[in-house]
Amino acid sequence: GYEVKTIGDSFFVAFSRATEAVRFALQLQLELMDAPWPESLLSLPDGLLLSSVDGSPLWRGLRVRVGIHLGVANVEVDRDTLRADYFGPTVNYAARVESKALGGQVLVSQVLLDRVRGELESELVVCSAGTHTFKGISSPQELFCLCLPPLRYREFPVEAQVLLCNRCKGPATCPRCDTEDGYPSPS
């Protein structure tokens, strides 16, 4: 990937292939757990080693959130850094996806998931992260949480107020479509 810039404590990274972005993000989550964090960080509630019921580690150290979207961006050379800088609707959408992620979570757009699903399906655990509204986008957007099998037991709350029925876009528990938690019942 290409580190475009940092904004505060955030990194903006561009990749030439969607699968490279996903693999980077997922590997990042694993490697952060093995990083040599100082004991002062590991003693904090959000830095503690937490394991799943089967004993496999789920959390340890810093929790970094990642949002990934796919699309064509505008690019110009930044006058100060003389490096490529990306901007436009694709970049804005990616930032909105990232803003919905929680620490330790990799969220992706439907477009991104559609592109990588065939190539990475055997490597991924995929689940819906709910339907979200974004500034400047009229229709609700479903986001997806990706993880590698060793982290499949990580849990992330889904904001109930943003869940919508996938069929009619009504309330999460929709009597019209016989749904529960925003997901249509099997037909």
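**View 1. The largest pocket of the predicted model.** The largest pocket of this predicted model has a volume of about 1,400 Å³, a pocket being an open set of points on a 1 Å grid over the protein atoms alone, where a 1.4 Å probe fits, with protein on both sides within 12 Å along at least five of seven lines; the volume is the space filled by probe spheres set on the points. Its lining (residues with an atom within 4 Å of a point) comprises 41 residues, of which Phe-11, Phe-12, Val-13, Ala-14 and Gly-67 lie nearest the centre. Helix 1 (18-34) is one of the elements that supply at least two residues each, and the largest share, seven residues, comes from helix 1. By class, the lining has 25 nonpolar, eight polar and eight charged residues. Residues are numbered from 1 along each chain as its sequence is written, and side-chain values use heavy atoms, with hydrogens and water left out. As this is a predicted model, local features need pLDDT of at least 70 and side-chain atom pairs count only at pLDDT 80 or more, whereas totals for chains, interfaces and linings use all residues.

**View 2. The second largest pocket.** The second largest pocket has a volume of about 300 Å³. Among the 19 residues that line this pocket, Gln-105, Ala-129, Phe-156, Pro-157 and Val-158 are the closest to its centre. Two or more lining residues come from each of strand 9 (125-134) and strand 10 (137-147), with strand 9 giving the most, five residues.

**View 3. Aromatic ring pairs.** Five aromatic pairs are counted, where rings of Phe, Tyr and Trp (its six-membered ring) pair if their centres lie within 6.5 Å, and planes under 30 degrees apart count as stacked, over 60 as edge-to-face and the rest as tilted. The ring centres of Tyr-2 and Tyr-86 are 6.4 Å apart and the planes stand at 65 degrees, so this pair is edge-to-face. Because Tyr-2 lies in strand 1 and Tyr-86 in strand 7, the pair ties together parts that are 84 residues apart in sequence. Ring pairs link Tyr-2, Phe-12 and Tyr-86 into a cluster. The rings of Phe-15 and Phe-24, with centres 5.5 Å apart and planes at 45 degrees, form a tilted pair.

**View 4. Arginine charges over Trp-59.** The charged end of Arg-63 sits over the ring of Trp-59, 4.0 Å from its centre, and the charged end of Arg-154 also sits over the ring of Trp-59, 4.0 Å from its centre. A charge sits over a ring if NZ of Lys or CZ of Arg is within 6 Å of the ring centre and within 35 degrees of the ring normal.

Terms used:
Helices (H or I, at least four residues) and strands (E, at least two) are DSSP runs, numbered from the N terminus. Ala, Val, Leu, Ile, Met, Phe, Trp, Tyr, Cys and Pro count as nonpolar, Asp, Glu, Lys and Arg as charged, and the others, Gly among them, as polar.
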